[in-house]
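Morning, everyone. Please look at the screen, and then we'll go through the interface.

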Protein chains: 2
Amino acid sequence: MRELLLIGIGAGDPDHVTQQAVKAIRAFDVLFVVTKTKGTDELVELRRHVVDVHRDRAETYEAVELADPPRPWREAPDYPAAVARWREQRTELWEQAVATRLGEDQTGAFLVWGDPSLYESTLAVVDEIAARGRVAFTHRVIPGVSSVHALTARHRIPLNRVGRAVQIMPARLLAGGMPPGVDDVVVMLDARGTFASIDPDGLDIYWGAYLGTPDELLMHGPLADVAQDILAAREEAKARKGWMFDTYLLRRRP
Amino acid sequence: MRELLLIGIGAGDPDHVTQQAVKAIRAFDVLFVVTKTKGTDELVELRRHVVDVHRDRAETYEAVELADPPRPWREAPDYPAAVARWREQRTELWEQAVATRLGEDQTGAFLVWGDPSLYESTLAVVDEIAARGRVAFTHRVIPGVSSVHALTARHRIPLNRVGRAVQIMPARLLAGGMPPGVDDVVVMLDARGTFASIDPDGLDIYWGAYLGTPDELLMHGPLADVAQDILAAREEAKARKGWMFDTYLLRRRP
């Protein structure tokens, strides 16, 4: 039967790739490469580089590009329906590619930044294709070093405090400030610098961008003191590179 | 100067080791091996195995055993003071070992299960030694695949739901039930089967033990239906192996 591998390749540093991921990279027949409309060619190139490093030149493979349909604007009329249509378009595109480009006894792979379980849609799309039942396949998930752990490693800090909880959340949920009962929060997908709009009193921030790559940026300090510096560093880097991947930990001081 | 490496080696499967960890394993001169009083010889053996797999036989190294002082009982008189003494004993032991067993231009390593940032004390002890300032060293943290990501990968589930937060916490904090505002919770360090003592209504559980090893156990389902089966499987496996490492995700059904 067809097999799909969702391979977590770590958070930017090609050396984050695990032995298990290397074996999976050496084993696939077809690589599915999801491309967005703009700005992330460098991310596609980095993934190709990870494959090239670990795969023999002689082991040829087919690369199938899946051009992500443009996501609807948040201001679109009937946004939920537009998102549902967008998701279905994407699912159909992938389903078609699996059915027509992957032989019945072949293995296809998706390379996923960080870990495939964390704020990542590849697994959800694969589950949708499986639920539709029009093409038969099995799938496996290869865990990776997530950007959360890359962030704490580079700052050399623990993620949790002894006996305490940690929350990981999208930036939208931070708009109202720190969640109740939790003093350590990792924020993902913050395109708008939400950290600079909350009450900074008593909070430290540990911020990282392009973790594990030569462009890596690290900053930390009391949120009140460094929020504006981080905003400026984000803007400068984003203008220079055309894209920004960052994450941060907010930690309430004891 | 002396360097200490805290190497995350992933959650049980030797193939979780990253390229970065392999390079670090090949580079150290002295391996510090923390041993507990009972039941975890197998974990020490597994770590030695990870070193042996990735290091040439010819590259000899020194292994320094650090026997963890017995942790005080929770019922001990003046428990906080007893824990403080225990921590200081441990810090002194490690400090002494780094000062006397690691040459001034040598690299020492600690192998850490999962990721060094998550419910793991090695980094805290190293920070304490640094703060005391009696022995000079630098240190680096090599991130690893944490048991959280190993769990979700083996169950082939996302960790978060779209737009929602995830909380990671020790079992003690689960005693009162699910935390407010969060529908996805990963619980660590649950020696007492706390999942079976909370209101199971509307919750699913995804449980895993000895993740990534040949002894791996996976169970999932509505908490109300499977909690007792998981408790039984835990007890049986713990009796057979002498130790238990497990973790689980509690997920509120939509």
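How many residues of chain B are in contact with chain A? The count is 44 residues of chain B, touching 44 residues of chain A. Contact here means heavy atoms within 4.5 Å.

Some ground rules. This is a predicted model: local features need pLDDT of at least 70, side-chain atom pairs count only at pLDDT 80 or more, and totals for chains, interfaces and linings use all residues. Residues are numbered from 1 along each chain as its sequence is written, chains are lettered from A and ligands numbered from 1 in the order in which they are written, and side-chain values use heavy atoms, with hydrogens and water left out.

Now the area. Chain B and chain A bury about 3,700 Å² between them. Carbon and sulfur atoms give 55% of that. Buried area is the accessible area (1.4 Å probe) that two parts lose on being put together, summed over both.

Next, charges. There are 2 salt bridges between chain B and chain A. A salt bridge puts a side-chain nitrogen of Lys or Arg within 4 Å of a carboxyl oxygen of Asp or Glu. One of them joins B:Lys23 and A:Asp15, with the closest N and O atoms 2.6 Å apart.

Finally, strands. Strand E6 (residues 166-170) of chain A pairs with E6(B) in the antiparallel sense, over 3 bridges. Strands are DSSP runs of at least two residues, numbered from the N terminus. Two strands pair if DSSP finds at least two bridges between them. Look at A:Ile168: opposite this residue stands B:Val166, in E6(B).

Notes:
Helices (H or I, at least four residues) and strands (E, at least two) are DSSP runs, numbered from the N terminus.
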